[in-house]
Amino acid sequence: MQNGETQRGELLRIRDLVVEYTSEGETIHAVNGVSLELKKGKTLGLLGETGAGKTTIAKSVMRILPETTSKINSGEIYLNGKDVLLLSEKKMRAIRGKSASMIFQDPMTALDPVRRVGEQIEEVIRLHNNTGKNEAQQWAMEMLETVGIKADRAREYPHQFSGGMKQRVVIAIALACKPELLLADEPTTALDVTIQAQILRMIEKLKKELDMSMLLITHDLGVVASQCDDVAVIYAGEILESGSREDIYDHPTHPYTRGLFDALPDINKEVRRLTPITGRMIDPTDLPKGCYFQPRCAYAKKSCRHERREMAEISPGHHCRCTHFA
Amino acid sequence: MATLLEIRNLKKYFQTPKGVLHAVDGISFSLEPGKTMGIVGESGCGKSTLGRTVIRLIDSSGGQIIFENKDVTFVRGRELKALRQKMQIIFQDPFASLNPRFTVERTIREALMLTKRYSRPEAMDETERLMELVGIDQRLRNSYPHELDGGRRQRVVIARALATGPRFVVGDEPVSALDVSIQAQIINLLQDLQEAMDLTYIFITHDLSAVKHISDVIGVMYLGQMVEICPSNEIFRSPLHPYTKALLSAIPSIDIHHQQESVILEGEIVSPINPKPGCRFSARCRYSQAKCGEPQSLEEIATDHFVFCSRAREIND
Ligand SMILES: Nc1ncnc2c1ncn2[C@@H]1O[C@H](COP(=O)(O)OP(=O)(O)O)[C@@H](O)[C@H]1O
Ligand SMILES: Nc1ncnc2c1ncn2[C@@H]1O[C@H](COP(=O)(O)OP(=O)(O)O)[C@@H](O)[C@H]1O
Ligand SMILES: [Mg+2]
Ligand SMILES: [Mg+2]
């Protein structure tokens, strides 16, 4: 696809994003040329393990990366056709919480421990809407009900809520102004499976009602299978494979994607040993010349050590950086 | 077969400002040598408390712990020290359980020296052997915990646990903090060690697929009680307790062509403070009836398959 603005039916398009951090004099190559497209009304799963760069990508979209220690080196992030990287901070403030909202794994990153939850929802409502105190209060209570919390709990403080309930409050704040885009960064990773099921069901329902699009960040293949239309697999700051959910689950093609599936214990099979991916994630301060997954790859050829591979379209809409299994 | 560990009506209560919290409330099971018992359940159901009580890290409030045919519920002093060497625990967060100022080599060596079974040079050799056993490169012997990744740290913790020559190891969510690809490495390691050293495990986790893989028997806990105990290959095939069914159905399947509707449990797990006598799950249970308000008992519904639910037979017909 050519460079440029969002295509029809696309809400978010990220092009060749490169992000670095500096820490103790070292450069951490967190995101190394990521391109993603999220269609309107759809859910795109960004699947990858710790340190892959998932959170950094979402924070880049929201423009909330740490100012002094991070740097977006290149790339474009089109939201509804506008490159958010070119917007002023003032314009960006109008977008955050209004057109695009982000929720994190730990609800306390978004909640103020010393303020009532109702007030915290009201705040975002009043920031983006011309509403009076009473109206905002009413709206906040409705939002609480929407996420399954009794409105009279608006007067309580975050610590009075369980982990699952806090995450509901965070979702109420994130969705209060009916954003078009929700960036959900491991929203249920810290929760028990039964609570995860409640929260995912609720997000799914609200997504439909608000006609929202979602970038769902997770390391959980089950969560992606149950929630996403499309999937992008990320490793060491690079998308290794992307396609529809069917492409990725029925025809996983990159050795890393296949390795992830193989490493999971299968509840329907009796196997004595699991098949781990050997070795560990590469050092993001010292990226290898060739394929980033090559040091752990059982199928690596000599050329994999030296040559970088571009994404290849192996079937319509299914892209992969490695053609060994294509 | 002989039993290595037998737990009889074990209880652990905590005094809290709101009342008595029944964290572990009358749990019984036994475990054969060389086998693994998996314990699953949501956070707060008492898994860690059970594990800690069983290995005598904390004192029980009632019941008995029989280890190697000996009642160890109240042993103290030298006997307790000897017991500690035979019963080890591995926690979820290897970083928190390692001394940040000790190198890999020192961490393991100090654990060896505590057993008083090794001279210094012997301990050095044994450290090297243990590092090899758990798959830590000798290059890393002088590394500190913060210089290691999560998987390697957990290997160090495992080596340290093995240093005392235990027969029984409790793993309290030992792989929960690790990435999928590394999880599989550590699970394989634990299984290899079990085979090589004839270890007996209690494996605590909230990850049901992992627990099925590693366990011979699985116990499902809810609010301090064991609501179901069965051979591990039966848990997914024929769960009998309504809570187990709900828990299993909440796991998102990776099979995109057979996405089952999960049974959404309303409400959340609460804490068992001054609990009423009846079934603790009944408030969230769709099969709840008047008789669920009476005390339940663990009944063998099918061979080796125990269920703590007075309606288990009717609802599984
Ligand atoms: N504030 C930061 N300062 C320095 N390095 C960071 C910072 N945030 C993230 N990183 C590093 O950037 C890489 C990508 O991190 P992150 O985006 O958080 O990955 P993920 O969300 O996939 O786990 C990692 O190597 C991480 O250690
Ligand atoms: N030292 C303690 N004092 C008071 N309550 C405790 C203590 N330790 C655990 N609990 C309570 O006991 C219950 C079981 O906790 P825990 O064993 O940690 O559960 P799990 O490991 O299954 O998450 C919880 O309600 C917890 O709050
Ligand atoms: Mg992250
Ligand atoms: Mg625990």
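Strand β3 of chain A (residues 43-47) is a well-covered piece of this predicted model. Five of its five residues are buried, so the strand is largely enclosed by the rest of the structure. The cover comes on both faces: Thr43(A), Gly45(A) and Leu47(A) are buried on one side, and Leu44(A) and Leu46(A) are buried on the other.

As for its neighbours in the sheet, β3(A) runs parallel to strand β8 of chain A (residues 213-218), with five bridges joining the two. There is also a parallel pairing between β3(A) and β9(A), this one over four bridges. Leu47(A) takes part in both pairings: its bridge partner in β8(A) is Thr218(A), and its bridge partner in β9(A) is Val233(A).

Strand β9(A) leads on to the aromatic residues. Searching the whole structure turns up nine aromatic pairs over all chains. One of them puts Tyr235(A) together with Tyr256(A) in a tilted arrangement, with 4.6 Å from centre to centre and 55° between the planes. Tyr235(A) belongs to strand β9 (residues 230-235) and Tyr256(A) to helix α9 (residues 255-263), both in chain A, so this pair ties together parts that are 21 residues apart in sequence. Tyr235(A) is buried, its relative accessible area being 0%. Tyr256(A) is buried too, at 0% relative accessibility.

Tyr235(A) has a further ring partner in Phe293(A); here the geometry is edge-to-face, at 5.3 Å centre to centre and 85° between the planes. Taken together, the ring pairs link Tyr235(A), Tyr256(A) and Phe293(A) into a cluster.

Rings in chain A also sit under charged groups. The charged end of Arg258(A) is placed over the ring of Phe325(A), 3.6 Å from the ring centre. Likewise, Arg308(A) has its charged end over the ring of Tyr292(A), in this case 4.2 Å from the centre.

Elsewhere in chain A, Ile121(A) is found in helix α3 (residues 117-128). With a relative accessibility of 0%, Ile121(A) counts as buried. Leaving aside residues up to four places away in sequence, Ile121(A) touches Ala140(A), Met143(A), Leu144(A), Ala172(A), Ile173(A) and Ala176(A). Asn80(A), 41 residues from Ile121(A) in sequence, is 25 Å from it in space, C-alpha to C-alpha.

Turning to chain B, four strands make up an open sheet with antiparallel pairing, in the order β2-β1-β4-β5. At the edges stand β2 (19-31) and β5 (70-71), each with a single partner strand, so one side of each is left without a neighbour in the sheet.

Technical notes
Residues numbered from 1 in each chain as written. Chains lettered and ligands numbered in written order. Predicted model: local features only at pLDDT ≥ 70, side-chain atom pairs only at ≥ 80, totals over all residues. Heavy atoms only, no water. Phe/Tyr/Trp six-rings, centres within 6.5 Å; stacked < 30°, edge-to-face > 60°. Buried < 20%, exposed > 50% of the residue type's maximum accessible area, 1.4 Å probe, protein only. Lys NZ or Arg CZ within 6 Å of the ring centre and 35° of its normal. Pairing = 2+ DSSP bridges. Contact = heavy atoms within 4.5 Å.
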